[in-house]
Amino acid sequence: MTGAIGKPTPYIDAVQKVTGQAMYADDYKFPNMVYVSCLRSTESHAKIKSLELKKAEASPGVVAIVTGKDIPVPFGVLSISRDETAMAIEKVRYQGEIVAAVAAETIEAAEAGVKLINVEYEPLTEFFTPQDSLKTCTPDEQIHAHTKDHKNIHKTAELRFNEPEKELETAKHKQTGNFKFAGVTHGFTEPHSAVAMWNGDETLTIISATQVPHYLQKNLSKVLGLPLHKIQVKKPVLGGGFGGKSDPFPHEMIVSFLSKKIKRPVKCTFSREEVFITHHGRHPTEINMSLSCDDGGKITALDADIIIDGGAYGSFGVVTSYYNGVLLQGPYLIDKFGFRTRRTYTNKHQCGAMRGHGAVNPRYAVETLLDMMAHDMEMDPCDLREKNFLSDHSSTVGEFRITSNGIRDCIAAVRKKSDWDNRYGNLPYGHGLGVACGFFISGSALPILWNRYPQTVVHAKLDFDGRIVMFSGASDIGQGSDTMLVQIAAEELGIPMDFVQVEVSDTKTTPVDLGSYSSRVTFMVGNAAKSAASNIRREMAKAISKEKDTPAENITFKNGRIFTNDKSLDISWEEGVEMAMAGRGAFVESGFYISPKLGGNFKGAGAGLSPSYSFGAFISEVEVNPKTGETNVIKVWGAHDCGKALNPLAVEGQIEGSIHMGLGQTMSEEMRYKNGQQLNANFFDYRIPSSLDTPDMDVTIIESNDPEGPYGAKEAGEGPIHPVLPSIGNAVFDAVGVRMMELPITPDKVLKKIKENA
Amino acid sequence: MEKVTLTVNGFTQSVLVESHETILDTLRNRLNLTGTKKCCDEGTCGSCTILMDGKPVLGCLTPTLRCVGKEILTIEGISSGESLHLVQKHLVKSLGLQCGFCTPGVVMTAIPFLEENPHASRNEIKESLSGNLCRCTGYKKIIDAVENAAEEMRS
Ligand code: FES
Ligand code: FES
């Protein structure tokens, strides 16, 4: 690599962000715009007996009011569970669900209107725990009519290979654990916000803080009954997502419907409390897992029974259910393997995808069991793991194709840097080290909605001014994908980065990309961008070769020059552009990415399939005060195999951000409810780590050079979170000898365990 | 509505505001200065930080009426034109930002802090940023950036 790839590169939009010029959704304002405020349910599960709008309609400044019946078409990110409508119809399923929306000249007038709406509810039986939802109920008590056997079970996902239960029955070395995980939420800083405009040509434009413009376009089309080609979704600069903006949302349907109805721009921006209520975060989870080993420490079987509490609607839940199980197939080779996940509906905020989707909690469980195993077998926990790693270019029991795999380098790096071999087990009481590994997909090989198109297309345009514009639907949510597009074009064409600009995330002008989720962007969009830019190079070389009578394959593009090795040709980029433009003018080249056909032939074989997987190993050091139970994470060493770091600064940023988020879930974050009402829908009570809680971080990037990734790259945005949590839990054991089977690890829980142990 | 005279980024003008309105809303909605961000609107995240007579305050907790007769400085007033402030320069250079939503608040916190504490230690810098929620970066690169800015300011 001679150009921009592999160099630490500040984001192309960093100056805009640091000067306050970057435009986020709520920063957009349009003439004649109205503002929406939502009436939200005060009941968790209840029939709507009556809804009285008259007073509100007469309130000054109120322009329009809509209720569930106005927008009755159900939607959802997965076509298999479209169970949500823009607003509640006939009944509400959680406290905070939108019942009506008021559009008014000012936000104050909209809020005043909301207060004048009268709703009467008739309570229904409420389900707040998955255990209640697993029981049989009357049809009237069902949260959704479509669930089977009169139970509130949304999905049961189960896969089983080679009878793990038999092996576990007789295994000599076996560990079993019951784990409980509180729900956690994304906590992105920018609240949801969307503004919709009905245009003079009978088309809709919506500017929304979304990670998935394409899926939003599709769902809007369904809900509004508007053809796809009349819908333009634009993603502005996005203030973080982490999975929390990867569904189509009710407020997006509401502003779009209203703007079409009243022919005015309509905006809705959520308060922080509304963001908490909207949630879609990590499911509260209970896991019962067993793991066995042979005398040499080789894993012989793993079986898990998992219950996830989905809340009131489906979201990504079917995928989450599978990911809880299937992503346990790495980074260790396990031939006898099985799991069952049941996702229940309950009358709480809905859960969905969050960084590390579905695999974070089971990762905690298996890494804890491995630590227990190592302890009981008197083996070093790193050694035990090293005996079990999948090798590169192999396959898992569920037929995941493993290509590049840097796990051995990862564990070697953190082992050395933390001085593990000398310090583990030898620290004074109250101090401890813990290790854990991780494994994650680098993009889902199957699209959410089955179709015959590529997963992404990128257009590269060259014009007479010498500028390359990369058109991509990819959604930069802070991870730096816009910068990646520029780096790749600069690399392929041998030009400085400032010759390249981007047009992104606009369903009218940019080719389809499926969105920023499942860690797919670098791998898929990167490959497409590389081929689009190299097609431009090919076209230019063709024209130059004709004009200069030089074979095209001898022409090199580098450092802003276009030349042959013998320098018989040596021209500037601008001269080359001129030759390429002659008699033709500006042109666009396309590049795309389609996953190879992968996977087995059984039901559920598609879940977790990815063209490539990332790997990682982390070690954490903690300090536990045995008198108070307070735990302090002092340092985290993290090594992540991202294939190739296209932008090492961005990869480090993803790993450090993952450490932060993993630390939060392990130590302090928890969605707390009482009778369906969230008790901590604000940043005072929902405790996200601050700069002071931040441990020292030592990040190592491992480059295993994936054969199919662009320049060898694979994901770095989600994989690094997985090992963080169990490495802390295992460090607590090393420090004070107690196993933390419940997250978050709050001082009271630690203290209780220490006392029980004494 | 009340008519007030506000001095923002060195420019004095009259604005009609509600008596209960916060300066954050006045800036964003009436003066079109949207660089100051609203993340929580209840004093818990620091993203709305602005300077009032040189001191950082939370825009979402500050009534506009209290800003009368004061010098208000927002992110838009920090780097007028060509050159970035050193804090901004290093945030860009060390990737002390990802989504950027917390960034204006970080800049408006770090600048007065470094002006008062040019010799701040890494720990003191960490402490000074403890009111600024960042969900993306894990803070490390923000702290690095402020530390580097301090170093360059001293040299
Ligand atoms: S918006 Fe003011 S502190 Fe969060
Ligand atoms: S950069 Fe996204 S919140 Fe700080």
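Analyst: Over all chains, the structure holds 19 aromatic pairs, where rings of Phe, Tyr and Trp (its six-membered ring) pair if their centres lie within 6.5 Å, and where planes under 30 degrees apart count as stacked, over 60 as edge-to-face and the rest as tilted. The model is a predicted one, in which local features need pLDDT of at least 70 and side-chain atom pairs count only at pLDDT 80 or more, while totals for chains, interfaces and linings use all residues. Residues are numbered from 1 along each chain as its sequence is written, chains are lettered from A and ligands numbered from 1 in the order in which they are written, and side-chain values use heavy atoms, with hydrogens and water left out.

A pair of aromatic rings is described by the distance of the centres and the angle of the planes. For A:Phe161 and A:Phe337, the ring centres are 6.4 Å apart and the planes stand at 20°, so this pair is stacked. The pair links distant parts of the chain, because A:Phe161 belongs to strand 7 (residues 153-161) of chain A and A:Phe337 to strand 15 (residues 336-344) of chain A, 176 residues apart; helices (H or I, at least four residues) and strands (E, at least two) are DSSP runs, numbered from the N terminus.

A:Phe161 also pairs with A:Phe602, and here the centres are 5.3 Å apart with the planes at 80°, so the pair is edge-to-face. Since A:Phe161 lies in strand 7 of chain A, whereas A:Phe602 lies in the loop between strand 25 (587-593) and strand 26 (613-624) of chain A, this pair ties together parts that are 441 residues apart in sequence.

A:Phe161 has a relative accessible area of 12%, so it counts as buried, while A:Phe602, with 26%, is partly exposed.

Taken together, ring pairs link A:Phe161, A:Phe337, A:Phe339 and A:Phe602 into a cluster.

Definitions and conventions: Buried < 20%, exposed > 50% of the residue type's maximum accessible area, 1.4 Å probe, protein only.
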